[in-house]
Amino acid sequence: MKFLIALLLSATLTQAQTFTPAQLEHLRVQAIHALKIDAPLPPVAVHNFGSFDATPDIRIEHVTFATQYGMRVPAIVYVPTHLKRKAPAIVVVCGHGGDKSSWYAVYTGMLYAKAGAVVVTYDLIGEFERATTRGSEAGEHDKLIPGLTQTEYIGGLMMEDVLQATRYAASRPDVDSARIAIVGYSTGSFQGIIASALAGPQVPRIRAVVLSGGGNLDGKDQYWDTNPKPNCQSGPYKALDFFPGGADARGAILYALRARSGPTLVLNGTEDSLITRFNEQEPFFVGLRNRIAAVQGSRNNLPETLWFPDAGHRPSWMTRPAAIWLDQQLHFPNWTEAQVETLPTIKAIDWINQTHVRISHGYQVEQKEGGIQAVDLHLPGLTREQLTAVPEAEWRANPARYTLDGWTPHALAADRAAESTAAASVQSQHP
């Protein structure tokens, strides 16, 4: 049955339109406009709130960088302390309900800083320091905003945050801007692949992208179209329906745009119901790769897939095969592939129980995040206080610089201006 599905999906190869580089670039610019992403992007305008040494070879930095409307994004940066030359960098895009205090953000930061990479973790809008409550799993960005006519505004902000985090990483004097990766989980996989596809001349080349619990950019009325999160997922995806070929062409065009910069690895579990709900696992990706190849006129940088048997929804980029793949792309200064092959592993829930770092409710089970076999370097955890980027007194003095509530009036004003411009255009055409 799966073989038949793969054949049927592959048949769409002959139906897909091939685009020239100039046509793809035109679609990228149109998508930036449709998702309300700033063009040009604002200066990153970094502010540093201090640092401390988590281990003798890892420094933790508390920073913020700029995003839309002068807003600030709180971030925790993991920095190797004994660099002899410029390092690669990794930007972590958390999943829905996640933030820089999530266990996997902390583990990723510590693990890959040990490998010799600078790792940037930050709060999604509406979570932790970007929530009015300063709480985790606040879900503030899930609420529809009265008066905001287009739900893609929040999704566009989240994608702009990815681009700004990448630009921040590249702006650091200790980072090699030609060796930057984005890793995204679940909602973060969605934001990460679209942001990497839409990265323009202001954004350094994104050398590698890893998507876990996602990557299945599907068609009309499937998962990303129909899920109940219009602000961060279905709304922005539907905003790209204008692509030639309509809703069913979005995934292939986005991946073709991404392929211009480098490879993508998709990590999923065979029992991840979010991924398998509409698509039959690898056969779906066989068809998707063929459609991407048709769109770009080549098979360069088609997304690779790796499946974890019996695994559910989880961020799998801390596993040995993912670490090896990232090393092949970024060339970690402290690791070789042969060394990674010999490193021990630890089950995620065991590390979480040892360190008491936060995991989302329900995800500690074996099939989900708790069962990840992560590369084990005997990493310490961090407290919530250590993972707070902005001093509380400073945050309390002007919370609107960080939160969704502070962003909303600007978005509403932009929305009204866009509506007024559209109405004026219609009236000029039909006086």
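## The central sheet

Nine strands form an open sheet with mixed pairing, in the order β1-β2-β3-β5-β4-β6-β7-β8-β9, where strands (E, at least two residues) and helices (H or I, at least four residues) are DSSP runs numbered from the N terminus, and two strands count as paired if DSSP finds at least two bridges between them. Because β1 (47–55) and β9 (304–308) stand at the edges with a single partner strand each, one side of each is left without a neighbour in the sheet. From one strand to the next the twist averages 20°, with axes taken as lines fitted to C-alpha atoms, for helices over the stretch in contact, and angles running from 0 to 180 degrees between N-to-C directions.

This is a predicted model, in which local features need pLDDT of at least 70 and side-chain atom pairs count only at pLDDT 80 or more, while totals for chains, interfaces and linings use all residues. Residues are numbered from 1 along each chain as its sequence is written, and side-chain values use heavy atoms, with hydrogens and water left out.

## Pairing and packing

Strands of a sheet pair through backbone hydrogen bonds, either parallel or antiparallel. Strand β4 (residues 87–93) pairs with strand β5 (residues 118–122) in the parallel sense, over four bridges, and Val92 stands opposite Thr121 in β5.

Helix α3 (residues 103–115) packs on the sheet and touches β1, β2 (58–66), β3 (72–80), β4, β5 and β6 (175–185), contact meaning heavy atoms within 4.5 Å; the direction of α3 makes about 35° with that of β3. Helix α10 (residues 282–296) lies across β8 (264–269) and β9, and runs at about 175° to β9.

## The whole chain

The chain has 15 helices and 11 strands. Its radius of gyration, taken over C-alpha atoms, is 21 Å, close to the 22 Å that the globule rule gives for 431 residues, so the chain is as compact as a globular protein of that length; the rule is 2.2 Å times the number of residues to the power 0.38. Along its principal axes, the C-alpha trace spans about 70 × 55 × 40 Å.

## Cavity and pocket

Rolling a probe the size of a water molecule over the atoms shows where empty space is left. On a 1 Å grid over the protein atoms alone, a cavity is a set of points where a 1.4 Å probe fits but cannot get out, whereas a pocket is an open set with protein on both sides within 12 Å along at least five of seven lines, and lining residues have an atom within 4 Å of a point. Grid points are joined across faces, edges and corners, and a volume is the space filled by probe spheres set on the points.

The structure holds one cavity of 30 Å³ or more, and the largest cavity has a volume of about 40 Å³. Its lining includes Ser186, Tyr223, Trp224, Leu274 and His313, and α6 (223–226) and α9 (273–276) each supply at least two of the lining residues. The second largest pocket has a volume of about 290 Å³; of the 24 residues that line this pocket, His96, Ser186, Leu274, His313 and Tyr363 are the closest to its centre.

## Two backbone details

Ser186, which lies in the loop between β6 and α5 (187–198), has a phi near 60°, a positive value in a residue other than glycine. In the loop between α2 (21–34) and β1 is Pro40, and the peptide bond from Ala39 to Pro40 is cis, with omega near 5°.
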